[in-house]
Amino acid sequence: MTTPAGPTAPTIRVPRWIQLVGLPVGLLVIWMLAGLLGHVLFLFLTASVITFLLNPLVRDLKRLRLPRGLAVAFVFLVFAAAVGFIVLALGSVVVDQARSAAERIDDYVTLENASGSTGADQDIDRLQRWLDTHGLEGIQIQEQATDWADNLGAGEISGYTQDAISFAQGAAFSLVVALFNLVLIVVIAIYMLLDMERLEGLVDRRFPPGDGLRLTRRIEKALAGYVRGQLILSTVIGASAGIGMWALGTTGLVPGAEKYALLFGVWTGVIEVIPYIGPWLSAIPPTIYALVVDPVSALWVIALFIFIYQVEGHIVVPNVMANALRLHPLLVIFGLLAGGELYGIAGILMALPTMAAARAIWEFFSERVQFDRWDDGAPNIGVDGEGPPDRGSDVPLPG
């Protein structure tokens, strides 16, 4: 039997018939609604996460005697302005470095020197000579790689660019739908923030907080801990990748990498929000760049990212994210797979904050809910162990 959180937090008793009938039926109804209204539930779930993250700021502004409506408007304007500034500031640098990297790759496969060979031709020749001198003469990559580089020089890069443009045009409808969903999420979050005090009062009347935190405050604390831990993790790993690529570039191990260190660092920090698969995805662009400028330098890039993610897995994550989630790794993996199956990348991004909030809700109700035991129906045994008394023996016999 669990101990209530306090004298004003009564225990909610769940009888056995509810456990036997009500809970399975309730889970079945939730499963059916999730299948029928999955997209709607996802929008409200995302809006709820945003609401619980911004509500502490609204509450602080209310302490300054600012009306709640103005506080909500101010918080959303500041939030939108901050996101827009970060996107524009980083986007301008990232776009500039991405364009510079594309031009460098184009020069690498098209610009010929005095001998009439490109940088790609020279690297292919060096790689083939290395293979020949190490007993790998059977591996002939020079002809195939040269043909591929010539095709790139003949306009394949422009063709790839046109394909990308065509794909972007075909995805215009999806972009419009995503923007519409974003507007809906913002509108729902605004209404939730405006009614948060009423919701808190309703929850507190039904489930008194006792001597602990109220339910909404626990959810806010769990989400804030997750976001804080994720920001620290992304900053540390992104900065490590950027500094590492800069060091490899300045030492000449990866030629030109120092010019694009910020690009690689930002990419690594952003993609780090995708658990488990993010670290692998973040290493792809730097490795491709290293393969293009100098195939041997790709080994240094791979070694750098292996080192970074060893440090992440053994030092950063256990000390930063362990306290934020406090979930078994199997539950985390299941949540990520389920989120990806239901909603793709958006579902993966929402899986961990949702699970952090669910953990807070579970802990809150585990202190207040008591399930009737199923082993209380044992037969009544007599004092001497001879079985229950025979009540019929007290009735006088006829005659």
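Modeller: Let us begin with burial, where buried means under 20% relative accessible area, exposed over 50% and partly exposed in between, with a 1.4 Å probe and protein chains only. Here Glu 220 and Arg 59 are both buried. The model is predicted, so local features need pLDDT of at least 70 and side-chain atom pairs count only at pLDDT 80 or more, whereas totals for chains, interfaces and linings use all residues. Residues are numbered from 1 along each chain as its sequence is written, and side-chain values use heavy atoms, with hydrogens and water left out.

Colleague: How many salt bridges does a search of the whole structure find?

Modeller: A salt bridge is a side-chain nitrogen of Lys or Arg within 4 Å of a carboxyl oxygen of Asp or Glu. The search finds eight. In one of them, Glu 220 meets Arg 59 at 2.8 Å, N to O. That pair links distant parts of the chain, since Glu 220 is in helix H8 (residues 215–250) and Arg 59 in helix H2, 161 residues apart. Helices here are DSSP runs of H or I with at least four residues, and strands are runs of E with at least two, numbered from the N terminus.

Colleague: Which residues are linked with Arg 59 in a network of salt bridges?

Modeller: The network joins Arg 59 with Glu 200, Asp 204, Arg 214 and Glu 220. Within it, the side chains of Glu 200 and Arg 59 meet at 4.0 Å, N to O. Glu 200 lies in helix H7 (residues 196–206) and Arg 59 in helix H2 (residues 38–63), so this pair ties together parts that are 141 residues apart in sequence. Glu 200 is buried, as is Arg 59. A further salt bridge joins Lys 62 and Glu 197 at 2.6 Å, N to O. Lys 62 is in H2 and Glu 197 in H7, 135 residues apart. Lys 62 is partly exposed at 30% relative accessibility, and Glu 197 is partly exposed with a relative accessible area of 40%.

Colleague: Which residues have the most contacts inside the largest nonpolar core?

Modeller: In soluble globular proteins, nonpolar side chains tend to be buried together. A nonpolar core is a set of buried Ala, Val, Leu, Ile, Met, Phe, Trp, Tyr and Cys residues joined through side-chain atoms within 4.5 Å. The largest has 33 residues, and those with the most contacts inside it are Met 245, Val 254, Tyr 289, Val 301, Phe 305 and Leu 352. Two or more residues come from each of H8, H9, H11, helix H12 (297–320) and helix H14 (329–366).
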